[in-house]
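Me: I have a structure open and would like to go through it piece by piece. Can we start with the strands and then move on to the cores?

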Amino acid sequence: MTSATRQPETPAAIVPPRLIATDLDGTLLRDDKSVSPRTVAALAAAEEAGIEVFFVTGRPARWMDVVSDHVHGHGLAICGNGAAVVDLHGGPGAHRFVKVRELTRENALEAVRLLRDAAPGTVYAVEQTYGFHQEPDYPKLHMEIPDELQPAEKLLAPEGPGADEPVLKILAFHPTLDPDAFLTVARLAIGDIANVTRSSPSALLEISGPGVSKASTLALCCAERGISHEEVVAFGDMPNDVEMLTWAGQSYAMGNAHPDVIAAASGRTVANNEDGVAVVIEQMLARR
């Protein structure tokens, strides 16, 4: 989808913003995964104006090198759809986990069992704080070689690989189902055993601990800073951003956003390839 207009539809700010929360892929990043010079300048200007910037992403911490040069102040990012808060000040490969909200192996195994029954043909991968493991039939969707190739039931067993390392989320892929239909099936099947969302254009689901989302972890980080949800401006483009956009006092769906995101956000901006986040930040700072 592309933006229908060149200028963002901007809701009137009732409370001056103190924190910007932005997704990365499809939102802050252009399609080539770069951060444009205009966006770099806008982020720096926001920090200089006293507005904290949080990157809030489904990416694991080890994929954060794309923005590690652009962190300011606190240096924190929310990764894994809220499963981890990471200090990026150390640079690529030297990040520190500040907070981990794990998916217990018991819940993960139950989610796998329920979804295997509801959507036969589903294949799985397991994302941990440092490790990544997958089933043999799981496709090459990610930028790395898995540490282990075993059925999910063995990967998630108490004595499985990385047994002393928290599970952040499991990934579930279906080769033929429509992505939104797969999400609906999984949410109905899994219920409150785990939180299910998606950020990929393919039928790839991301399954986290109960109540773990971008929104809930962002709320924890804001509470620690004495920042209310009314003082947060959020940006996103995919279903895993919906809770965050609903929670924030002001929120923007990108011009390329999923219909559910457009419905959840209070405003719209232009597409990620048109620097939609930077456009809003520039306007926001001009009004201060």
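**Sheet and cores**

Reply: This is a predicted model. Six strands make an open sheet with mixed pairing, in the order β8-β7-β6-β9-β11-β10.

Me: Which are the edge strands?

Reply: They are β8 (148-149) and β10 (195-197), and each of them pairs on one side only.

Me: How many bridges are there between β10 and β11?

Reply: Three, and β10 pairs with β11 (residues 204-208) in the antiparallel sense. Asn 195 has Ser 208 in β11 as its bridge partner.

Me: What does helix α3 touch on the sheet?

Reply: Helix α3 (residues 105-118) packs on the sheet and touches β6 (123-128), β9 (167-173) and β11. The direction of α3 makes about 10° with that of β9.

Me: And which strands does helix α5 touch?

Reply: Helix α5 (residues 179-190) also packs on the sheet, where it touches β9, β10 and β11. The direction of α5 makes about 175° with that of β10.

Me: New topic. How many residues are in the largest nonpolar core?

Reply: That core has 33 residues. Those with the most contacts inside it are Ile 20, Phe 55, Met 64, Val 67 and Ile 281.

Me: Which element gives the largest share?

Reply: α9, with six residues. Elements that give two or more residues include α1 (24-28), α2 (37-48) and α9 (276-286).

Me: What does Val 67 touch?

Reply: Leaving out residues up to four places away in sequence, Val 67 touches Leu 24, Leu 28, Leu 29, Val 35 and Phe 55.

Me: What lies apart from that core?

Reply: Another core, of 23 residues, lies apart from it; among them are Ala 152, Leu 156, Val 167 and Leu 205.

How values were computed. Residues are numbered from 1 along each chain as its sequence is written. This is a predicted model: local features need pLDDT of at least 70, side-chain atom pairs count only at pLDDT 80 or more; totals for chains, interfaces and linings use all residues. Side-chain values use heavy atoms; hydrogens and water are left out. Two strands pair if DSSP finds at least two bridges between them. Helices (H or I, at least four residues) and strands (E, at least two) are DSSP runs, numbered from the N terminus. Contact means heavy atoms within 4.5 Å. Axes are lines fitted to C-alpha atoms, for helices over the stretch in contact, and angles run from 0 to 180 degrees between N-to-C directions. A nonpolar core is a set of buried Ala, Val, Leu, Ile, Met, Phe, Trp, Tyr and Cys residues joined through side-chain atoms within 4.5 Å. Buried means under 20% relative accessible area, exposed over 50%, partly exposed in between (1.4 Å probe, protein chains only).
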